[in-house]
Amino acid sequence: MHFSLKGKVIFFATNNINKFNEARKIFNEFQMAVAMIRVKTLEIQSENLEEIAKTSAIEAFKKCNLPIIVEDAGLFVEAVNGFPGPYASYVYKTIGNEGLLKLMEQTENRKAKFQSVIAYCDADIETPLCFKGEAMGEIVKEPRKAKNKHGFGFDPIFRPLNSNKTFAEMDVEEKNKYSHRAKALRKFAEFYKKLK
Ligand code: IMP
């Protein structure tokens, strides 16, 4: 069987297959290919997603010497002053969706947003370049997901503006119409397409 890769290739350092699958569809729109690469990077403690993503990108690049992107995302809930923000991963692991919903039980203001930062690094770049995306929406009162279980993380409890579905009720194509990551990835793909 013939396997040919046309166009440019980018390496995505992530251990999250869901993030990779979302990225694969975006790069496909740009006739580009993305390869998932698992390199262990330390996620520094910072309140700044950009700083976290840049540090991981430098580390990942040093390990594999390939043109590489990393992504860092955060969830910011308005009623709790932007909590969990960049600590979303820790909060997901500890209290999860149920815990976050419990925290918001008495809260009428459900406004929340996801932010994504893609940091890109290659041999010609001194400081990684960042591309950002944001999805405004709300935290629903009960988790909702499709029967065949789409999504990951906070997907079952986040409904983006202009849709009545949570991210977990959408397939990847539909999530990519609204998501923070898709917006950041498209900005990056536009840049990378033109890079000589
Ligand atoms: P990370 O550090 O970028 O991997 O993400 C921080 C936390 O937010 C993790 O717990 C992820 O599961 C969660 N997260 C990131 N992006 C998304 C998303 O698109 N949907 C739902 N949860 C997400």
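Rings of Phe, Tyr and Trp (its six-membered ring) pair if their centres lie within 6.5 Å; planes under 30 degrees apart count as stacked, over 60 as edge-to-face and the rest as tilted. The views below come from a predicted model, where local features need pLDDT of at least 70, side-chain atom pairs count only at pLDDT 80 or more, and totals for chains, interfaces and linings use all residues. Residues are numbered from 1 along each chain as its sequence is written, and side-chain values use heavy atoms, with hydrogens and water left out.

**View 1. Aromatic pairs, with Y120 and F191 in focus.** The structure holds 12 aromatic pairs. In this one, the ring centres of Y120 and F191 are 5.7 Å apart and the planes stand at 65°, so the pair is edge-to-face. Distant parts of the chain are linked here: Y120 belongs to strand 5 (residues 111-121) and F191 to helix 6, 71 residues apart. Helices (H or I, at least four residues) and strands (E, at least two) are DSSP runs, numbered from the N terminus.

**View 2. The shell around the ligand.** Of the 15 residues around the ligand, K19, A73, D155, K175 and R181 come nearest. Strand 3 (68-77), helix 3 (88-94) and helix 6 (180-194) each supply at least two residues of this shell, and helix 3 gives the largest share, 3 residues.

View 3. The protein covers 91% of the 470 Å² of accessible area (Shrake-Rupley method, 1.4 Å probe) that the ligand has on its own.

**View 4. The backbone at P84 and Q31.** Two spots are worth a look. The peptide bond from F83 to P84 is cis, with omega near -5°, and P84 lies in strand 4 (residues 83-85). Q31 is not a glycine, yet its phi is positive, at about 50°. You will find Q31 in the loop between helix 1 (17-29) and strand 2 (33-37).

Technical notes:
A residue is near a molecule or strand if one of its heavy atoms lies within 4 Å of it.
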